[in-house]
Amino acid sequence: MSRPTIYIAITNHGFGHATRTASVVDTIQKLFPEALLILVTTAPRWLLECYIDGDFILRPRAYDLGVVQADSLRMDQVATKEKLLEICRHQEKIIAAEVDYIYQNQVNLILADIPFLAAKTAKAAGIPCWMVSNFGWDFIYRDWGEDFQEIADWISECYSECDRLFRLPFHEPMSAFTQIEDVGLIGGSPKYDVQELREIFAIQAAREKTVMLTFGGLGLQAIPYQNLANFPDWQFITFDASAPELPNLLKIRDKKYRPVDFMPLCDRIISKPGFGTFAEATKLGIPIVSLTRDDFAEAAYLLRGISNYTQHLIIQPDEFFAGDWDFISQPLNPPQQNSQQIGIDGNETIANSVIDWFQDSYPLALETTK
């Protein structure tokens, strides 16, 4: 064994799974620099490099698709089902190609978030598969009704072959998994000083009147930006490249900056339900204003999570799309439980588990890499 080698398979859905997994990968790399890290994802390299400081191999492959979406809130179930059936038909070919790659690169461990074929690939390659998530795709598809039950059953069977699940907070039961270990929140941490950012971007508004709008990598169509005119002395921050030029809207164009870098400047984050944003904001103690999302089963667990552990406000889509945004200045609801009760050390817990496993499984080989 020349180097401990980890194959990191990331679900092909938006940017959230890629960024939260990249945060874990960065922690593994810092604590375990001997490891060779192979990221298997269709996420762009620039995005991963925003979270991972060191080198890694990028293998652009898609194990799954998540959900076909036009934007962050609109899903296409018909197209999703067609693509899932195509993956099912070609699963043996997909697995065989990855097993060959795993053999060629002497991979020791698969870490996955959370493509279902990763577990079958690991079994075919004769190596362990560990997964990281707060939900499985079987849970999402099963909620879509009878038309998706066979697909959900197939995915549950795939997940049952996983050797170990690191279950994140804000989770569904994930009952398809046989070995579950609950861990704390994962995600990135700010890289820049607050005052430095205020000076670079000439932010004059006080934190109490600074708000971030973030809706993930897919964005959100038809954001009523005209409502910002109702708050002329407030500062709004967005990463939406298509947003209009407005006097109180700061558009972050430089890709080296991430939403988490600007969170400490803000009094609150306005978002759709998404684990990555919710986790990073909760870790930093930043209040969250979130739209509801009735057509995505994970949303109920995410909204319950922020209700329990951070200051929050939950609004209906009509309030966002058709209202005058009076929720901007509404009082926030306090967390229903003690925010200290939720762990924020998921990155470190997972990284140390990986290191411990290599030390137990390959002690002599590891000595030669030091």
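Let's start with Asn227, which sits in the loop between strand 8 (210–214) and strand 9 (235–238); helices (H or I, at least four residues) and strands (E, at least two) are DSSP runs, numbered from the N terminus. This is a predicted model, where local features need pLDDT of at least 70, side-chain atom pairs count only at pLDDT 80 or more, and totals for chains, interfaces and linings use all residues. Residues are numbered from 1 along each chain as its sequence is written, and side-chain values use heavy atoms, with hydrogens and water left out.

Asn227 is buried, at 8% relative accessible area; buried means under 20%, exposed over 50%, and partly exposed in between (1.4 Å probe, protein chains only). Leaving aside residues up to four places away in sequence, Asn227 touches Phe320, Gly323, Asp324 and Trp325, a contact being heavy atoms within 4.5 Å. From Asn227 to Phe215 it's 12 residues in sequence and 17 Å in space, C-alpha to C-alpha.

Asp324 turns up again in a surface patch of negative charge, together with Asp318, Glu319 and Asp326. Patch members have over 30% relative accessible area and no salt bridge, with like charges joined within 9 Å. Asp326 lies in the loop between helix 12 (317–321) and helix 13 (346–361), and is partly exposed at 43%.

Now over to Arg198, in helix 8 (residues 194–200). Arg198 is buried yet has no salt bridge, and the nearest side chain of opposite charge, Glu208, is 7.9 Å away; a salt bridge needs a side-chain nitrogen of Lys or Arg within 4 Å of a carboxyl oxygen of Asp or Glu. Beyond four places in sequence, the residues Arg198 touches include Ile203, Arg207 and Leu265.

Technical notes
Patches are made of residues with over 30% relative accessible area and no salt bridge: like charges are joined within 9 Å, nonpolar side chains (Val, Leu, Ile, Met, Phe, Trp, Tyr) within 5 Å. Accessible areas come from the Shrake-Rupley method with a 1.4 Å probe; for residues, only the protein chains shown count as cover. Lys and Arg count as positive and Asp and Glu as negative; His and the chain ends are not counted. The place of a charge is taken as NZ of Lys, CZ of Arg, CG of Asp or CD of Glu.
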